[in-house]
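Dear colleague,

Please read them alongside the model.

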Amino acid sequence: MFIRAAAASCLVALAVPAFAACPTPEDVARFLEDAAAARPAAPLVDEGARSDAVCARDLVIEQLIPVHGPIVGWKAGLTSPQAQAAFGTTEPVLGALLEDMLLENGAVVDASARVRPLFEADLVVEIADEGVMDAGTHEEVLAHIRGVRPFLELPALLISP
């Protein structure tokens, strides 16, 4: 059985679904410093437009790439109505998976190095090629899937419940 784990710290920024303004790079750096120190972080900015949340996510990813490597995939989060309600949103969010966030089987992760460590059983769909972007039916999508694998996600929320 093939299982991978994601220490998905960049997804944390997505857990706050709406922002009033895109944060500054300095605000994002402070947010990530808190994450690295396992300190609770204040939300980057107050509630507002979804476009500001996307901006914040992109700034977080930009600052994480030099540390964790390039984007190797994407994660859909808050896909159930219950998860959306818990985070005050009505639609899923999208986060990047960076190279160093994917751990091999047997990897050990120090839960004490996280603010609110969680785990979630999941599946990863590996796309074979870009032809999936032109697929119009489920059958056409299936023709472009390389595989589906079990996946253990290890989100670490930085904000208080």
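R146 is exposed, with a relative accessible area of 51%; here buried means under 20% relative accessible area, exposed over 50%, and partly exposed in between, with a 1.4 Å probe and protein chains only. Before going further, please keep in mind that this is a predicted model, in which local features need pLDDT of at least 70 and side-chain atom pairs count only at pLDDT 80 or more, while totals for chains, interfaces and linings use all residues. Residues are numbered from 1 along each chain as its sequence is written, and side-chain values use heavy atoms, with hydrogens and water left out.

Salt bridges

The side chain of R146 meets that of E126 in a salt bridge, at 3.1 Å from N to O, where a salt bridge is a side-chain nitrogen of Lys or Arg within 4 Å of a carboxyl oxygen of Asp or Glu. R146 lies in strand β7 and E126 in strand β6 (residues 120–127), so this pair ties together parts that are 20 residues apart in sequence; helices (H or I, at least four residues) and strands (E, at least two) are DSSP runs, numbered from the N terminus. E126 itself counts as partly exposed, at 23% relative accessibility.

By the same rule the count comes to seven salt bridges. Among them is the one between E153 and K75, whose closest N and O atoms are 3.2 Å apart. This pair links distant parts of the chain, with E153 in strand β7 (residues 145–153) and K75 in strand β2 (residues 71–77), 78 residues apart. Both E153 and K75 are buried, and together with D122 they are linked in a network of salt bridges.

Another of the salt bridges joins D58 to R57, with the closest N and O atoms 3.1 Å apart. Here D58 counts as partly exposed, at 38% relative accessibility, whereas R57, at 11%, counts as buried.

Disulfide

The count comes to one disulfide, a disulfide being a pair of cysteine sulfur atoms within 2.5 Å. It is formed by C22 and C55, whose sulfur atoms are 1.7 Å apart. C22 lies in the loop between β1 (4–6) and α1 (25–36) and C55 in helix α2 (residues 50–68), so the pair ties together parts that are 33 residues apart in sequence. The torsion about the S-S bond is about -75°, so the disulfide is left-handed. C22 is partly exposed, at 26% relative accessible area, and C55 is also partly exposed, at 29%.
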